Amino acid sequence: MKARLALGAVGVGLGLWGLWLLVDAVQVPALIRLPIWLGGAVFADDAFLVPLTVGIGWLVTRWSIGPDHHRTVGAVRTTLLYVGITTLIAIPLLLRQGKGVNPTVLPRDYLRDWLLLEATIIAAGVVVYVVQRSRFTFKRSRASSGDIGGR
Amino acid sequence: MKLPAPPTEKSFRSPLHHPRVATVIGRWLATAVVICFLTGLYSHFQQHTPGWLHIPSRPAELYRVTQGLHVLSGTIAVPLLVAKLWTVYPKLFAKLPWPPSRKALENVLERGSILVLVAAMALELFIGFLNTLQWYPWPFPFKETHYALAWIIVGALFVHLAVKLPLIRANWRRTSADRTAPAESLPPAITGLTRRGLFRTVAGAATLVGITSVGQSAPALGPIAVLAPRKPNVGPQGLPVNRTAEAAGVTAIDADWRFTVKGPQQLSYTLDDLRTLPQNRSDLPIACVEGWSQGARWEGIRIRDLLQLCGARADSRVRVVSMEKGGFYATSELPPEFAHDPLTLLALRLNGTELALDHGFPARIIAPNRPGVLQTKWVHRLEVIT
Ligand code: HEM
């Protein structure tokens, strides 16, 4: 209990220090708009990003009940997740490309690179999917021929 | 028509919304945040050095590593934060405790601290990343806000750990809590979802994001840095630019341009004079606050040689004055350790040719272990302090 209280007190102290820094350094008109941005960040996560992942996860899990799907559901889920997270990070790059004054910022062709990246992720996902499937069919054919104990 | 009931904590049946999973992912996220905080503090103190602190000028590549790590671990924190929020998402729908009691109060405090933590962290990651693309769509100043939020995040993290300490301890002791998955959930044999699988997938996402962005600080991985806002070898003389001459309001120099040193003796040089002074070579990176960095070969005059020429003491502090008009970076200071370091140059040449205007022609500072913003460009005066 002592440890918890100490941790909590230190935490509150550090947080108040941060708050003081904010009040000290940021002008009032900006300061009063900061909570909107903080709230917006929470909203974007809890009302959009996470529900989206939960929703897609739910669909994938439902799909996994189908015949043999549980063998390959991992590849499907992982591929979707990797496509999602890399796209999330690519969005600002795609939106901003060519808009700044400094040509050494965002010097790549981000649209092309993003498409290449997603294509690579999906291709890798397909390879894993096919490998997992074929392994399964292979096992099943051996199992049904009485070769091994089967499962 | 009847609307479907809003979800409750029990609507989320995946066994992976489990405290144990949250603890493990939380540990990873906390590691990334702590790395961000410490490297961020280092960057802050480089630019706002308190009197009691002496930052050494070596290792020469230290700032390059710390700031590269800052942006890398900050970027990796994005998938980790999403994963963490995903595991604890059902808690968002837990009923508020009623009637008021000690437990209820604890619960409200706990949720309050989590709200602060999530809000500050999500905004910190967002503005941090956008800053690396030099995009500032918000109404508040980046640096001050980013700095203050960092303390708030760490404070809220402490409070969060205090609240969760029993759970964390239980996790270290590995109790049977491990096996209490909700009964209705589908077995992992069908969903293909095991904890280990989830950890592997999240670690994989973090690695993927890391590998596709670290190339802006590690030039060897530059070609595959498709999610990085910088390519370390793109720019005049093979080096990116942060502040262009145009943005700084600097144009080419006149014939009567002079470089002056204000010390015990006053020195004044034309550009040709500077070129006849003893030249030295330093291999030093430009390591930007925005995380990118690139090594380069610089040639010019050692600052300590200039100090000697004007009769200043070897442990002098030097103010560097740029031709840039106004702004935070128009002047910088070289603390004694940096002014005295033999690698610190008033550079005239970069990678074998005369400095490009965007790199600070006719003369700029280059010193080891410093953020790029302090490597002042378009220098026309040095002032010896004390
Ligand atoms: C929880 C996460 C983070 C924490 C605790 C944190 C903390 C800090 C701190 C304390 C500073 C020093 C500010 C100053 O000089 O006054 C800083 C600077 C910086 N951070 Fe972060 N940061 C985080 C995430 C990020 C992310 C995700 C990025 C970008 C991808 C980022 C990019 C930067 C940049 C570019 C600077 C340099 C600012 C400047 O000096 O102009 N940070 N950070």
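Visitor: How many helices and strands does chain B have?
Guide: Chain B of this predicted model has 10 helices and 10 strands.

Visitor: What makes B:Asn369 count as buried?
Guide: Its relative accessibility is 1%. Buried means under 20%. Therefore B:Asn369 counts as buried.

Visitor: Where is B:Asn369 placed?
Guide: B:Asn369 sits in the loop between S9 and strand S10 (379-385) of chain B. Its phi is near 50°, a positive value in a residue other than glycine.

Visitor: Why is B:Asn351 called partly exposed?
Guide: B:Asn351 has 32% relative accessibility. Buried needs under 20%, exposed needs over 50%, and partly exposed is in between. So B:Asn351 counts as partly exposed.

Visitor: What is phi of B:Asn351?
Guide: Phi is near 45° for B:Asn351, a positive value in a residue other than glycine. The residue belongs to the loop between strand S7 (345-350) and S8 of chain B.

Visitor: Which residues does the cis peptide bond with omega of about -5° join?
Guide: That cis bond links B:Arg58 and B:Pro59. B:Pro59 lies in the loop between helix H1 (19-47) and helix H2 (62-88) of chain B.

Visitor: And which residues does the cis peptide bond with omega of about 10° join?
Guide: B:Phe361 and B:Pro362. B:Pro362 is in the loop between strand S8 (353-354) and strand S9 (364-366) of chain B.

Visitor: How does the radius of gyration of chain B compare with that of a compact globule?
Guide: For 386 residues, a compact globule would have a value near 21 Å. Chain B has 27 Å. Along the principal axes, the C-alpha atoms of chain B fill a box of roughly 85 × 45 × 45 Å.

Visitor: What percentage of chain B is buried?
Guide: Of the 386 residues in chain B, 55% are buried. The accessible surface of the chain comes to about 17,800 Å². Carbon and sulfur atoms hold 63% of that surface.

Visitor: What percentage of the chain B contacts between residues at least 6 apart in sequence join residues at least 24 apart?
Guide: The figure for chain B is 70%.

Visitor: Into which domains is chain A divided?
Guide: Domain 1 (27-65) and domain 2 (69-144). Their contact takes eight residues from domain 1 of chain A and 10 residues from domain 2 of chain A. The C-alpha centres of the two domains lie 22 Å apart.

Note on methods: Residues are numbered from 1 along each chain as its sequence is written. Chains are lettered from A and ligands numbered from 1 in the order in which they are written. This is a predicted model: local features need pLDDT of at least 70, side-chain atom pairs count only at pLDDT 80 or more; totals for chains, interfaces and linings use all residues. Side-chain values use heavy atoms; hydrogens and water are left out. Helices (H or I, at least four residues) and strands (E, at least two) are DSSP runs, numbered from the N terminus. The radius of gyration is taken over C-alpha atoms; the globule rule is 2.2 Å times the number of residues to the power 0.38. Buried means under 20% relative accessible area, exposed over 50%, partly exposed in between (1.4 Å probe, protein chains only). Contact means heavy atoms within 4.5 Å. Accessible areas come from the Shrake-Rupley method with a 1.4 Å probe; for residues, only the protein chains shown count as cover. Domain bounds come from an automatic or database domain assignment.
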